[in-house]
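Hi,

Here is the structure I promised to pass on.

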Amino acid sequence: MSAYAALTTAGYRAYTRDRTTLFFTFAFPLLFLVVFGLIFSGQDVEQSGRPYIEHIAPGVLAWGVGNAAVFGVAFVLMQWRRDDILRLIRMTPTPVSAVIASRYVVAVAVGVVQAVLFVAVAMLPFFGLGVAGSWPLALPVLVLGITAFLMLGVIVGSYAKTPEAVAAVANCLMIPMAFLSGSFLPLDMMPDWMQTLSRVLPLRYLNDGVSGALTGGSTGGVLLDCGVLAGFAVVLGAVAVRTFRWSDSS
């Protein structure tokens, strides 16, 4: 517990002191919200008849939270391994679980703040997002989504040896997933094969869960999305623990 607490405190301090990373973590999803808000202002999706903002805002929020979780842990693990910090940690009685858990707490805190800020901006009259009474259900969806994507980030950070490699691999995963999962465009507008493909991607269920919670979808549907995200978290977590490397040579 002492090792976990020390790593969590160090991670929090390092994150809050890096003002550039802190700023863009929160500003990046908001930039997409502004862009899509300007493009689709006042328009409805023809297939569903719902306003675009009800599709785009939850999708961009889900992608932004998942993106931050992947990049945040992947860059840290790569840097710690490159600077031999992980090797030093390994010399103490600190298990892999404590290292990952310390990053998990920071990722959840950042994700929750991201979500609150994003939803507050999306509810401004210019964007016009209406939040349903079921909005508290978005919290477990976000926590499970952050868990799954954090584990994905651990896998990326365990193999990438440079910042460039982390950025390349993470972007190759997250940007196509955003389009295939309906973060930027409603899935109703996409071909059937793309909608089918999206069902094997965790971001699809994070999108659907956040959207259902914020816009008044069925509680059963949100709980199903939570269950699928929990499954992704378990599978990716098992892979992450098995592939975790303390150094580039081991």
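How do α3 and α7 run relative to each other, roughly parallel or roughly antiparallel? They are roughly antiparallel, a label given to angles over 145 degrees, while under 35 counts as roughly parallel, 65 to 115 as roughly perpendicular and the rest as oblique.

Before the details, some housekeeping. This is a predicted model, in which local features need pLDDT of at least 70, side-chain atom pairs count only at pLDDT 80 or more, and totals for chains, interfaces and linings use all residues. Residues are numbered from 1 along each chain as its sequence is written, and side-chain values use heavy atoms, with hydrogens and water left out.

Back to the helices (DSSP runs of H or I, at least four residues, numbered from the N terminus). Helix α3 covers residues 52–82 and helix α7 residues 163–180; they pack at about 160°, with axes 10 Å apart. Axes here are lines fitted to C-alpha atoms over the stretch in contact, and angles run from 0 to 180 degrees between N-to-C directions. Their crossing is right-handed, meaning that the near helix is turned clockwise from the far one by less than a right angle.

The contact includes Gly 64, Ala 68 and Trp 80 from α3, plus Arg 103, Gln 114 and Phe 118 from α5.

Thr 25 sits in helix α2 (residues 19–39). Thr 25 has 15% relative accessibility, so it counts as buried (under 20% relative accessible area; exposed is over 50%, partly exposed in between, using a 1.4 Å probe and protein chains only). Neighbours within four places in sequence aside, Thr 25 touches Tyr 15, Ala 68, Val 110 and Gln 114.

Helix α6 (residues 138–159) has 22 residues and reaches 32 Å from first to last C-alpha, close to the 32 Å expected (1.5 Å times one less than the number of residues). Of its 22 residues, 17 are buried, so α6 is largely enclosed by the rest of the structure.

Finally, cysteines. There are zero disulfides (pairs of cysteine sulfur atoms within 2.5 Å). Cys 172 is exposed at 60% relative accessible area, whereas Cys 226 is buried at 10%.

Cheers

Methods: Helices (H or I, at least four residues) and strands (E, at least two) are DSSP runs, numbered from the N terminus. Contact means heavy atoms within 4.5 Å.
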